[in-house]
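Please keep the sequence and structure in view while reading.

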Amino acid sequence: MRIILASQSPRRRELMALLRLPFLVRAADIDETMDPAKDPYDEVARVSRKKAGATPREEADIVIAADTIVVCAGKVLGKPRSQEEAVQMLTLLSGRDHQVMTGLTVLRGDWEKTCTEVTHLHFRPLSPAEIADYVSTGEPMDKAGAYGIQGGGALFAQRIEGDYYNVMGLPVCRLRQILEEAAPELF
């Protein structure tokens, strides 16, 4: 039995290491497009399930897949495609509440569990200069919602309710609980 993380995210690899279990990285190449007409909570779970199912594995292997989005005022914010889009996202988040949603799927043989973890955040008001300065660092470009809570985005979050690690992209507490169901022999 091998544990396979279906992600190339360096943050997810770092968070997986907190579990102190050996794992391999084997990312699935799938279309992660979400249907804007559907509930983001369900869509992010669907994408994680699709990633897990597309990851090459042996029957006894455990596959862990995740997908993270930011939702503000009913709008889904994925990774920005340009600096201008990053500025737009951060401007939208400025002074507002939003949710970080991570779809999480664990597969082992025919056993599967998929869930969506939600963390609520509130950003303080941000000036256009602060936003421009942060975007110029390049940090927002590979992160849902155009910020990294473990980096410069920490300066924006006034309140966090829920799993901090979920905001980074992998809800490790929930993952540990699911792994205890899927493979109690690991613990």
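Helices (H or I, at least four residues) and strands (E, at least two) are DSSP runs, numbered from the N terminus. Helix H3 is followed by Gly-95, whose phi is positive, near 70 degrees. The model is predicted: local features need pLDDT of at least 70, side-chain atom pairs count only at pLDDT 80 or more, and totals for chains, interfaces and linings use all residues. Residues are numbered from 1 along each chain as its sequence is written, and side-chain values use heavy atoms, with hydrogens and water left out.

**Helix H3**

- Within H3 (residues 83–93), the buried residues are Glu-85, Ala-86, Met-89, Leu-90 and Leu-93; buried means under 20% relative accessible area, exposed over 50%, and partly exposed in between (1.4 Å probe, protein chains only).
- These residues lie on the same side of H3, because they cover an arc of only 135 degrees around the axis; the arc is that of the directions from the helix axis to the C-beta atoms.
- Glu-84 and Gln-88 are exposed on the other side of H3.
- The cover over the buried residues of H3 includes strands E3 (62–72), E4 (75–77), E5 (97–108) and E6, together with helix H4; contact means heavy atoms within 4.5 Å.

**Nonpolar cores**

- A nonpolar core is a set of buried Ala, Val, Leu, Ile, Met, Phe, Trp, Tyr and Cys residues joined through side-chain atoms within 4.5 Å.
- The largest such core has 40 residues, and Ile-64, Tyr-147 and Leu-175 have the most contacts inside it.
- Leaving aside residues up to four places away in sequence, Leu-175 touches Met-16, Leu-19, Ile-64, Leu-104, Val-106 and Leu-170.
- A second, separate core has 8 residues, including Ala-28, Ile-30, Ile-69 and Val-71.

**Aromatic pairs**

- Rings of Phe, Tyr and Trp (its six-membered ring) pair if their centres lie within 6.5 Å; planes under 30 degrees apart count as stacked, over 60 as edge-to-face and the rest as tilted.
- By this rule there are 4 aromatic pairs.
- Phe-123 and Tyr-147 are edge-to-face, because their ring planes stand at 65 degrees, with the centres 4.7 Å apart.
- Phe-123 is in strand E6 (residues 111–123) and Tyr-147 in the loop between helix H4 (128–136) and strand E7 (157–161), so this pair ties together parts 24 residues apart in sequence.
- Phe-123 counts as buried at 0% relative accessibility, and Tyr-147 at 4%.
- Tyr-134 and Phe-156 are also edge-to-face, with ring centres 5.2 Å apart and planes at 90 degrees.
- That pair links distant parts of the chain, with Tyr-134 in H4 and Phe-156 in the loop between H4 and E7, 22 residues apart.
- Phe-123, Tyr-134, Tyr-147 and Phe-156 form one aromatic cluster.
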